[in-house]
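Reader: Could you walk me through this structure, please? I am new to reading such models.

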Amino acid sequence: MEWSRTREEANRLIIKIREEMYDEIALYVWNHCHDEEMTKDILLEVFLEVCRHIDVLEKHECYQGWVYKTAKFKLMKIQNSIRKKRQVSWEEMGEDVLASEDEYDFLTFDEYSHVISADRLNLLKEHYHIGKTIEDIAEEKGKTVGAIKMQMKRARDELRNYLTGENSKNRNESIFYIEE
């Protein structure tokens, strides 16, 4: 399809893309972040990119794919920046902070020591906060990589079940149940 390069045609294409894809992209983003404000921000960013690159989209053979990829990259960028802001190094905090009650949004030993064993909590700490590879941890502990991976999976599952209030192991139950 040949697109005219006039401003009016470009505006029509922008409107067409927005009307055609806005709801789809909104659902795609919502399904990945479950945050209304973040969804709105990402949608704004995506459609600003559509406006900025309309000359490319006029000639693109699959503009829908371009818009989806843009949404995916914007979503990843925002989620990574949020993750970096929330990340706090356990090494920098010291054991006294980890052992105390606090108002911050990160795991502390006291809060979750009753949920998983100290060994599993230390395993998660070494991997996610100190940054050791699974292979390094396995070597230090004299275990196989598979055994360490399984211990980490079990620890994550126990924490997730505790944090979501999920008591059953049934994966078919939704953790996003909303009472009416």
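Reader: How many helices and strands does the chain have?
Author: The secondary structure comes to 10 helices and 0 strands. Helices (H or I, at least four residues) and strands (E, at least two) are DSSP runs, numbered from the N terminus. Read along the sequence, the pattern is α-α-α-α-α-α-α-α-α-α.

Reader: Where does the model come from, and how are residues numbered?
Author: This is a predicted model, in which local features need pLDDT of at least 70 and side-chain atom pairs count only at pLDDT 80 or more, while totals for chains, interfaces and linings use all residues. Residues are numbered from 1 along each chain as its sequence is written, and side-chain values use heavy atoms, with hydrogens and water left out.

Reader: What share of the chain is buried?
Author: Of its 180 residues, 29% count as buried. Buried means under 20% relative accessible area, exposed means over 50%, and partly exposed lies in between (1.4 Å probe, protein chains only).

Reader: And which residues of α8 are buried?
Author: In helix α8 (residues 118-130), they are L121, L123, L124, K125 and E126. After α8 comes G131, whose phi is positive, near 95 degrees.

Reader: New topic: how many aromatic pairs are there?
Author: A search of the whole structure finds 2. One of them is edge-to-face and joins Y28 and Y68, with 5.5 Å centre to centre and 85 degrees between the planes. Rings of Phe, Tyr and Trp (its six-membered ring) pair if their centres lie within 6.5 Å; planes under 30 degrees apart count as stacked, over 60 as edge-to-face and the rest as tilted.

Reader: Which helices hold Y28 and Y68?
Author: Y28 belongs to helix α1 (residues 7-33) and Y68 to helix α4 (residues 63-86), so the pair links distant parts of the chain, 40 residues apart. Y28 is partly exposed, at 22% relative accessible area, and Y68 is also partly exposed, at 27%.

Reader: What lies over the face of Y22?
Author: R18 does, at 4.4 Å from the ring centre. A charge sits over a ring if NZ of Lys or CZ of Arg is within 6 Å of the ring centre and within 35 degrees of the ring normal.

Reader: How do α9 and α10 pack?
Author: Helix α9 (residues 134-141) and helix α10 (residues 145-164) pack at an angle of about 110 degrees, with their axes 9 Å apart. Axes are lines fitted to C-alpha atoms, for helices over the stretch in contact, and angles run from 0 to 180 degrees between N-to-C directions. The two helices are therefore roughly perpendicular, a term for angles of 65 to 115 degrees, whereas those under 35 count as roughly parallel, over 145 as roughly antiparallel and the rest as oblique.

Reader: Which residues make that contact?
Author: From α9 they are I134, E135, I137, A138 and K141, and from α10 they are V145, I148, K149 and M152. Contact means heavy atoms within 4.5 Å.

Reader: Now M38: is it buried or exposed, and what does it touch?
Author: M38, in helix α2 (residues 36-52), is buried, with a relative accessible area of 13%. Not counting residues up to four places away in sequence, M38 touches C33, I78, Q79 and I82.

Reader: And what of E49?
Author: E49 is in helix α2 and is buried, with a relative accessible area of 14%. Leaving aside neighbours within four places in sequence, E49 is in contact with W66, T70 and K74.
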